[in-house]
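The entries follow in the order in which I looked things up.

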Amino acid sequence: MIETVTLERGHKKQRATLENLAQFYIHDFTDFLGPERPIHVNEDGLYPDAMVLKRYWTEPDRSVWFIRADGHMAGFALLNKVTHSGEPADFNMAEFFVLRPFRGKDVAERAVIDILHRHPGRWEVAIMERNTPALRFWPRAVQRASIRNYESQSGVGENPSRTLLRFLAGS
């Protein structure tokens, strides 16, 4: 059982940590892209940086949060203000990842609740509809937090389509 789940704000000196964790994230994410959007590793054996991670260290509307479980690195959350709906939001959950050994142990839900409590305002979360674990996880996780005005819209966009969750977090 995981006793503590904590968030720590990422700092530029942890750039390599994020880049390394992103490799696991991309590897797992390829399961949901389908044959029309394959991601292949480069000649060095690494996935390309499709998320353009350097922006999270240089742009003021972006932030990196590392997730720890009992003190161990367990994942990350990347926040920005870019929405798929075209509607304004204070925060968008651009990417969220928990390493496999910590899945199914309430680490991800506890991290989401903490993130939402730290960042009150209008939120958007876009979930690829092929990502069925995320489609089950996100509505349950955000509704465990203090949210209001919850909206869900399926079939947004193409290649791939997404489900959008929009809500207000905090008081």
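This is a predicted model: local features need pLDDT of at least 70, side-chain atom pairs count only at pLDDT 80 or more; totals for chains, interfaces and linings use all residues.

Entry 1, rings. I looked for linked rings and found that ring pairs join Tyr 25, Phe 29, Phe 32, Phe 76 and Phe 97 into a cluster. I took rings of Phe, Tyr and Trp (its six-membered ring) as paired if their centres lie within 6.5 Å, with planes under 30 degrees apart counted as stacked, over 60 as edge-to-face and the rest as tilted. By this rule I have 10 aromatic pairs. One of them is Tyr 25 with Phe 29, which is stacked at 5.4 Å centre to centre, with 25° between the planes.

Residues are numbered from 1 along each chain as its sequence is written, and side-chain values use heavy atoms, with hydrogens and water left out.

How many residues apart are Tyr 25 and Phe 29 in helix α1? They are 4 apart in α1 (residues 15-29), so about one helical turn separates them. Helices (H or I, at least four residues) and strands (E, at least two) are DSSP runs, numbered from the N terminus. For cover I used relative accessible area: buried is under 20%, exposed over 50% and partly exposed in between (1.4 Å probe, protein chains only). Tyr 25 is buried at 8%, and Phe 29 is partly exposed at 22%. Phe 29 also pairs with Phe 32: the centres are 6.2 Å apart and the planes at 75°, so I list this pair as edge-to-face. Phe 32 is buried, at 17%.

I placed Gln 23 in helix α1. Leaving out residues up to four places away in sequence, Gln 23 touches Leu 46 and Tyr 47 (contact means heavy atoms within 4.5 Å). From Gln 23 to Val 41 I have 9.8 Å, C-alpha to C-alpha, across 18 residues in sequence.

Is strand β2 (residues 63-69) mostly covered or uncovered? I found β2 mostly covered, with 6 of its 7 residues buried. Strands pair if DSSP finds at least two bridges between them. Strand β1 (residues 5-9) runs antiparallel to β2, joined by 5 bridges, and Val 5 stands opposite Ala 69. β2 also pairs with strand β3 (residues 72-80), antiparallel over 7 bridges; here Ser 63 stands opposite Leu 79. β2 and β3 form a hairpin with 2 residues between them, and Asp 70 in the turn has a positive phi of about 50°.
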